[in-house]
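Please open the structure in your viewer and keep the sequence panel beside it.

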Amino acid sequence: MRVYLDNCSYNRPYDDKTFPVVQMEAEAKLFIQRLIQENKIELVISFMSLKENDDNPYIERKINISNFFPYACCIIDETFVESAIQISNQISKAGIKNKDALHVACAIIAKCNYFITTDKRLLKLENKAIVLINPIQFIAIWGENND
């Protein structure tokens with residue numbers, strides 16, 4: 001199983017956990033991270049993952065996230081920009097921001113099964129090439145398939 005986490009998923013454990021859903025999503029993201037570290041699922045990152053993390057104004061978060069990137073099984077690098085832009089242009093027509101559409105496009109190029117996000121707008125996107133899902137939903141599906 002191959003997954004792609006967008007920037008908001010990487011940052012979820014650092015968000016204000018006074019809201020129960022944020023706390024649950026943070027815990028689910030950390031569980032997903034453990035699954036990746038234990039090679040139970042594959043992580044894909046992209047030039048967009050690297051760019052957005054480089055732009056992260058919070059140094060500790062930025063370092064922790066970049067330290068996790070080596071667990072990726074592959075990276076969709078700049079050689080895929082043209083293809084990613086073509087796919088993202090179609091995704092953007094559904095009202096998705098360009099950066100987010102590029103993330104989804106990279107996940108599609110990498111043939112990921114799931115695009116994991118906490119972005120409510122992105123979660124409304126329907127795409128035949130990939131399942132967009134929040135961390136909690138992903139854990140439920142993973143658990144059903146691995147009991």
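Strands here are DSSP runs of E with at least two residues, helices are runs of H or I with at least four residues, and both are numbered from the N terminus; two strands pair if DSSP finds at least two bridges between them. The model is predicted, with local features needing pLDDT of at least 70, side-chain atom pairs counting only at pLDDT 80 or more, and totals for chains, interfaces and linings using all residues. Residues are numbered from 1 along each chain as its sequence is written, and side-chain values use heavy atoms, leaving out hydrogens and water.

Begin with the sheet, an open one in which five strands, paired in parallel, follow the order 3-2-1-4-5. Its edges are strand 3 (74-76) and strand 5 (131-133), each of which pairs on one side only. Now select strand 4 (residues 114-116), which is joined to strand 5 in the parallel sense by three bridges; Ile 116 has Ile 133 as its bridge partner there.

Next, select helix 8 (residues 135-145), where Pro 135, Phe 138, Trp 142 and Gly 143 are buried, that is, under 20% relative accessible area with a 1.4 Å probe and protein chains only, while exposed means over 50% and partly exposed lies in between. These buried residues pack against strand 1 (2-5), helix 2 (20-37), strand 4 and strand 5, where contact means heavy atoms within 4.5 Å.

Finally, select Glu 52 in helix 3 (residues 47-54), which is buried at a relative accessible area of 14%. Leaving aside neighbours within four places in sequence, Glu 52 is in contact with Asn 7, Lys 99 and His 103.
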